[in-house]
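Morning, everyone. Please have the sequence and the model open while I talk.

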Amino acid sequence: TYTTDTKSREENKKTIESLYRLSVDIKKIRRLKEWVLLQDVAYVKEIAGILQEMGADETAVANILERCPEAILHTPAEINSQRALWQLVCQNEKQLIKLIEQFPESFFTTEYHENQKANILFLQELGLKNNIITRFLTSAPSIFYNPVEKNKNMIETLQRNYLSLGGSDANMKIWILKLLSQNPFILLNTSTAIQENLEFLQQNDFTDHEVLQLLSKLKGFIFQLSSTTMQKSMLFSKNVFKCSDQELKQLVLKCPALLYYSVPVLEERLEGLLKEGISVAQIRETPMVLELTTQIVQYRIKKLSALGYDIKSGTLESLNGTKKDFEVNYGKIQSKKERPIFNPVAPIQIED
């Protein structure tokens, strides 16, 4: 920990000079993290040297130090240890320096070095590919700060539940790896939260097979919810669609977003669709449209309307899916519209 009491302290002139020589924007550091410049000890030349050794040019070094100035407060030994650690999953130093440029904060968090190392080795043993582990290191670094035992327990809990829900031993490894690569933050949950949420689904008459289906569709995000929020969301959908418990269950299986999104989010999206002239019956027929934000829906309706496609009288299927799915559907509608329809037996219209 470094002191942040800035009133009585002066900037370290030696640090300022060293950064200036490296063409680092010192004003930027003063604005964002001035406390770094007040520390008595800093390793500017040494850290810059290590980065250059890895292949960073002058501009890259300056960018890294501007974005993460606290890097200069780590000892060269700490940074070299971190370098060796990340090399366990990087193909080469070129890839490593590229990652440091993009995610300097993740690389320069050295406090949990031993936990990071143990977790990297554990994830490799589990069968995760190195390119996925590097993605975790940069986008979900907090999962590596846990003691490895906690992450192991979490994986064991997931495996146990997968088998108790009827999953097979043969598919378990693939299922776990897929779940992890889709949502590494699953490791930050507690075993209790997992148990409670699975019990909630079972109490709501979802069969074991259906629970597994929901887990896969929701990419494990279901464990970040509480039974209370899920209950409220389901009740909201039941009232909106005026359906029975069994019908509601089918809607949730068709569109797990009804379980995942909170009531305010579902309300806002529903209102957005109704304002566009879409009926509740149409939404009930294609509930997946609630997975889209209001802005995306408005944009897609506008594009389809320009082609003369009336969303109010048609199906909502054409609105659905990812950006890529929509573009494919849009292309089909467009080419259909451009292609002249010729019916050889239709009477020829002759104007008087």
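Buried means under 20% relative accessible area, exposed means over 50%, and partly exposed is in between, with a 1.4 Å probe and protein chains only. At 56% relative accessibility, D205 counts as exposed.

Now the ground rules. This is a predicted model, where local features need pLDDT of at least 70 and side-chain atom pairs count only at pLDDT 80 or more, while totals for chains, interfaces and linings use all residues. Residues are numbered from 1 along each chain as its sequence is written, and side-chain values use heavy atoms, with hydrogens and water left out.

Back to D205. Where does D205 lie? In the loop between α12 and α13 (208–217). Helices here are DSSP runs of H or I, at least four residues, and strands are runs of E, at least two, numbered from the N terminus. Most residues other than glycine have a negative phi. D205 is not a glycine, yet its phi is positive, about 70°. K242 has a positive phi too, near 45°, and is likewise a residue other than glycine. Find K242 in the loop between α14 (227–241) and α15 (245–254). K242 is exposed, with a relative accessible area of 71%.

Next, rings. How many aromatic pairs does the structure hold? Seven. Rings of Phe, Tyr and Trp (its six-membered ring) pair if their centres lie within 6.5 Å; planes under 30 degrees apart are stacked, over 60 edge-to-face, and the rest tilted. Take Y162 and W175. Their ring centres are 4.5 Å apart and their planes stand at 25°, so this pair is stacked. Y162 sits in helix α10 (residues 148–164) and W175 in helix α11 (residues 169–182), so to speak two distant parts of the chain, 13 residues apart, linked by the pair. Both Y162 and W175 are buried. Ring pairs also join W86, F107 and F108 into a cluster.

Some rings have a charge over them. The rule: NZ of Lys or CZ of Arg is within 6 Å of the ring centre and within 35 degrees of the ring normal. R269 puts its charged end over the ring of Y261, 4.4 Å from the centre. K303 lies over the face of Y330, 4.3 Å from the ring centre.

Now helix packing. α10 packs with helix α12 (residues 191–203) at an angle of about 20°, and their axes are 10 Å apart. Axes are lines fitted to C-alpha atoms, for helices over the stretch in contact, and angles run from 0 to 180 degrees between N-to-C directions. Which residues meet? M154, T157, L158 and N161 in α10 meet S191, I194, Q195 and L198 in α12. Contact means heavy atoms within 4.5 Å.

Last, two residues with partners elsewhere in the sequence. I311 lies in the loop between α19 (294–306) and α20 (323–338). Is I311 buried or exposed? Buried, with a relative accessible area of 5%. Leaving out residues up to four places away in sequence, I311 touches I278, Q282, I301, L304, L316, S318 and L319. I311 and E276 are 35 residues apart in sequence, but 8.8 Å apart in space, C-alpha to C-alpha.

V280 is in helix α18 (residues 280–285). At 30% relative accessibility, V280 counts as partly exposed. V280 and F241 are 39 residues apart in sequence and 7.0 Å apart in space, C-alpha to C-alpha.
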